[in-house]
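Subject: Structure handover

Hello,

Here is the structure we talked about. My notes follow below it.

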Amino acid sequence: MNLKERLDSFIKAFGLPRIIIGLFLVFLFIISPFAGINILTGLTDTFNRFGMNAVLVLAMVPMIHSGCGLNFGLPLGIISGLLGATLSLELNFAGAGSFFMAILLCTPFAIILGWGYGVLLNKVKGGEMMIATYVGFSSVAFMCIMWLLLPYDNPAMVWGYAGQGLRTTISLDGYYYHVLQDFLAIRLGRLEIPVGMFLFFAFLAFLVWLFLRTKTGTAMTAVGSNPVFATASGVNVDKMRMLSVILSTWLGAVGILVYEQSFGFIQLYMSPFNMAMPAVSAILLGGATVNKASIANVIIGTFLFQGILTMTPSVMNGLIQTDVSEVIRIIVSNGMILYALTRKQEVAR
């Protein structure tokens with residue numbers, strides 16, 4: 001095989017769009033010093049954002065494998081995680097214990113909400129993604145009421161003047177702030193590698209990879225690939241789809257906890273409203289389709305999406321000497337979301 005054939009094979013395997021986006025990201029890192037941005041600082045921010053968001057993107061994999069499509073109902077999982085987080089603080093767990101207690105407490109919520117979500121999706125086969133979008137939006141709106149009515153009384157969380165209702169933003173200082181990000185972190189000058197977040201993501205990704213190779217996981221993949229063949233083989237299609245939705249919801253719940261421990265705050269009310277879009281876009285940018293996804297798609301897509309989202313506003317601000325970072329962030333993030341969703345439509349045809 002000559003060089004041209006190898007190059008063509010690489011482009012076909014990796015995908016021309018991902019190569020172009022990857023080269024653009026490399027270009028941003030190269031010109032960052034000319035914009036007054038330290039490359040190591042940019043890499044640190046990219047690594048941190050990757051670790052924060054990778055588990056949320058991983059939550060897409062089970063539902064894609066079962067044929068339920070892209071999980072636009074991810075806010076249900078995020079709400080489960082927020083319930084686990086606030087209950088952990090309400091019970092006054094501290095340090096690393098509060099993080100793992102939050103995972104434990106969010107699990108029953110994820111199972112219950114995932115089960116209800118799965119029942120609904122089984123009744124609307126073929127229109128899962130549209131229904132999931134409105135399930136996610138409506139659940140966030142409903143929880144805006146519940147965050148005010150639920151009987152929390154931890155002074156660190158409730159409104160001080162009213163004594164009832166949770167604050168919009170709750171600090172995690174003294175709880176699980178940076179519990180993963182600082183664990184085994186490597187610091188080399190301005191470069192910081194959050195090894196703890198990488199290891200936690202790798203652990204969950206390994207469990208998902210392992211599950212998909214079990215008998216149940218293989219049956220789930222068969223349901224997504226060919227439900228008629230799966231039914232003829234004795235597989236309960238609805239049960240497999242239900243299991244994938246519950247697993248995806250639980251991963252979304254854990255994902256928001258990982259996000260919070262790095263960000264340093266629990267954000268309630270309308271904050272989860274649009275969190276499904278970046279996760280969906282990241283896995284599509286990584287090369288996934290509406291019925292096929294892998295761990296590699298999660299890793300590549302999350303790194304490219306978060307890298308572009310991190311570096312573009314900083315570099316542009318430095319080059320034009322004007323603070324338009326928020327405008328650029330909105331243009332870039334929504335542009336990548338639009339591109340990813342149009343790629344999904346191309347695959348769907």
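Helix α2 passes α13 in a left-handed crossing. Bear in mind that this is a predicted model. The contact draws on R18, I21, G22, F24, L25, L28, F29 and I31 from α2. From α13 come I300, F303, L304, G307, I308, M311, T312, V315 and L319. By type, the residues of this contact split into 13 nonpolar, three polar and one charged.

Now the geometry. Two packed helices are described by the angle between their axes and the distance between the axes. Here α2 spans residues 16-31 and α13 spans residues 295-320. Their axes come within 9 Å and cross at roughly 40°. That angle makes α2 oblique to α13.

Next, two backbone points. Most residues other than glycine have a negative phi. N92 has a positive phi, near 60°. N92 sits in the loop between α5 and α6 (95-123). Its relative accessible area is 56%, so N92 is exposed. H178 also has a positive phi, of about 60°, and is not a glycine. You will find H178 in the loop between β1 (169-171) and β2 (186-188). H178 counts as buried because its relative accessibility is 15%, under the 20% cut-off.

Last, G67. This residue lies in the loop between α4 (60-65) and α5 (74-90). At 29% relative accessibility, G67 is partly exposed. Neighbours within four places in sequence aside, G67 contacts E128, G224 and R241. Q261 is 194 residues away from G67 along the chain, and their C-alpha atoms are 32 Å apart.

Best wishes

How values were computed. Residues numbered from 1 in each chain as written. Predicted model: local features only at pLDDT ≥ 70, side-chain atom pairs only at ≥ 80, totals over all residues. Heavy atoms only, no water. Axes fitted to C-alpha atoms, helices over the stretch in contact; angles between N-to-C directions. Helix = DSSP H or I, 4+ residues; strand = E, 2+ residues; numbered from the N terminus. Parallel < 35°, antiparallel > 145°, perpendicular 65-115°, else oblique. Left-handed = near helix turned anticlockwise from the far one by under 90°. Contact = heavy atoms within 4.5 Å. Nonpolar A, V, L, I, M, F, W, Y, C, P; charged D, E, K, R; others polar. Buried < 20%, exposed > 50% of the residue type's maximum accessible area, 1.4 Å probe, protein only.
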